[in-house]
Amino acid sequence: ILAAAALAVYLPLFITGGAGAFDFWWWMTANIVVLTGAAAAADPGFRAALRDDLRSGLLRKGLLGLWTAALLYGVFAAGNVLSRRLLDFAGGDISAVYGFKTGASSLRIALLMVFVIGPGEELFWRAFLQRALAERYGILRGGLLAALLYTLIHAGSGNVMLILAALVCGAAWGALYARFRSPLLNVVSHTAWDVAVFLLFPFG
C-alpha cells in the first residue's frame with residue numbers, strides 16, 4: 001500500500017516539478033515526511049531496526065557512509081563526462097535536473113536535504129520498503145524491486161539522465177543496505193551525495 005502511495009505522490013511531483021509556492025523542494029519534503037511517518041506507524045519492525053542501528057558503530061557507519069558517497073560521486077563524475085560525449089541529449093537533461101533549484105535558495109535546499117529529504121528517502125525506500133520486500137521475496141528480489149520502484153517514481157520527469165541516475169543510485173544504496181543493514185550508513189551516504197551533487201560540486 002505504501003509503495004503504491006509513493007508512486008501516487010512522487011509521479012505528479014516529477015511530472016509538474018512543483019506548483020507555485022508549493023515548489024519541488026516543499027513537495028518532496030511533504031512526500032517523504034508523510035510516507036516515513038506512515039511507515040513508522042504501520043511497522044514496529046521498522047522502528048526497532050532504527051533503534052538497533054543507533055546502538056553501536058556510529059563512527060564507523062558515518063565514515064563508511066561518507067566514503068561510499070564519495071565513491072558514488074566519482075562514478076557520476078565519470079558518467080557525466082562519458083554521457084556528454086556519447087549522448088546528444090545528456091547535457092540538456094543534466095541541466096534540466098538542476099532546473100529544480102530555480103526559485104529556491106541554496107540554504108533552504110541544503111537544510112531540507114540534510115534534515116529531511118536525504119534521511120527520509122533512505123528510511124522509507126531502504127530501511128522500510130526494501131527490508132519489507134526482502135522479508136517477503138528474499139534479499140536479491142526484494143532489493144531489485146525496491147530499486148525499480150525508486151527508479152519508476154522518477155519516470156514522470158521524462159528525463160532520461162535523471163531516470164538513469166535514479167537507477168544507479170537505487171541499485172547502489174540498495175546494495176549498501178543489503179550488505180550492512182544500517183539505515184544510518186545509508187542516510188549519511190545519501191545525504192552527503194545529495195549535497196555534493198546539487199550544491200557543492202554540481203555537474204553543470
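Which residues of H8 are buried? I began with this question, and for H8 I noted Met 161, Leu 162, Ala 165, Ala 166, Cys 169, Gly 170, Trp 173, Gly 174, Leu 176 and Tyr 177 as buried, where buried means under 20% relative accessible area, exposed means over 50% and partly exposed lies in between, with a 1.4 Å probe and protein chains only.

**Ground rules**

I am reading a predicted model, in which local features need pLDDT of at least 70 and side-chain atom pairs count only at pLDDT 80 or more, while totals for chains, interfaces and linings use all residues. I number residues from 1 along each chain as its sequence is written, and side-chain values use heavy atoms, with hydrogens and water left out.

**Entry on H8**

I looked up helix H8 as residues 160-180; helices (H or I, at least four residues) and strands (E, at least two) are DSSP runs, numbered from the N terminus. H8 has 21 residues and reaches 30 Å from its first C-alpha to its last, close to the 30 Å expected at 1.5 Å a residue, the expected span being 1.5 Å times one less than the number of residues. I then checked what covers the buried residues of H8, and the cover includes helix H1 (2-16), H4, H5, helix H6 (106-137), helix H7 (139-152) and H9.

I found Arg 181 in the loop between H8 and H9. Arg 181 has a positive phi of about 55° although it is not a glycine, and at 40% relative accessibility it counts as partly exposed.

Of the 18 residues of H9, 14 are buried, so H9 is largely enclosed by the rest of the structure.

How do the axes of H4 and H9 cross? They come within 7 Å and cross at roughly 40°; axes are lines fitted to C-alpha atoms, for helices over the stretch in contact, and angles run from 0 to 180 degrees between N-to-C directions. That makes H4 oblique to H9, since angles under 35 degrees count as roughly parallel, over 145 as roughly antiparallel, 65 to 115 as roughly perpendicular and the rest as oblique. I listed the residues in contact (heavy atoms within 4.5 Å), and among them are Leu 58, Leu 72 and Phe 76 of H4 and Leu 184, Val 188 and Trp 193 of H9. By class, the contact of H4 with H9 has 14 nonpolar, four polar and one charged residues, where Ala, Val, Leu, Ile, Met, Phe, Trp, Tyr, Cys and Pro count as nonpolar, Asp, Glu, Lys and Arg as charged, and the others, Gly among them, as polar.

**Entry on H4 and H5**

I turned next to H4 (residues 58-86) and helix H5 (residues 90-98), whose axes come within 8 Å and cross at roughly 135°. That makes H4 oblique to H5. The contact is made by Asn 80, Ser 83 and Arg 84 of H4 together with Ala 90, Gly 91 and Ile 94 of H5, and these divide into two nonpolar, three polar and one charged residues.

**Entry on H1 and H6**

I found that H1 and H6 pack at an angle of about 150°, with their axes 12 Å apart. That makes H1 roughly antiparallel to H6. On the H1 side the contact is made by Leu 2, Ala 3, Ala 6 and Tyr 10, and on the H6 side by Glu 121, Phe 124, Trp 125, Phe 128 and Leu 129. I counted these by class as eight nonpolar, no polar and one charged.

**Entry on two residues of H7**

Is Ala 146 buried or exposed? Ala 146 is found in helix H7, and at 1% relative accessibility it counts as buried. Leaving aside neighbours within four places in sequence, Ala 146 is in contact with Trp 125, Gln 130 and Leu 133. I also placed Ile 139 in helix H7, but Ile 139 is exposed, with a relative accessible area of 59%. With the neighbours within four places again left aside, Ile 139 is in contact with Ala 134 and Ala 178.

**Entry on Leu 50**

I ended with Leu 50, which lies in helix H3 (residues 44-53) and counts as partly exposed at 22% relative accessibility. The C-alpha atoms of Leu 50 and Pro 183 are separated by 6.7 Å, although the two residues are 133 apart along the chain.
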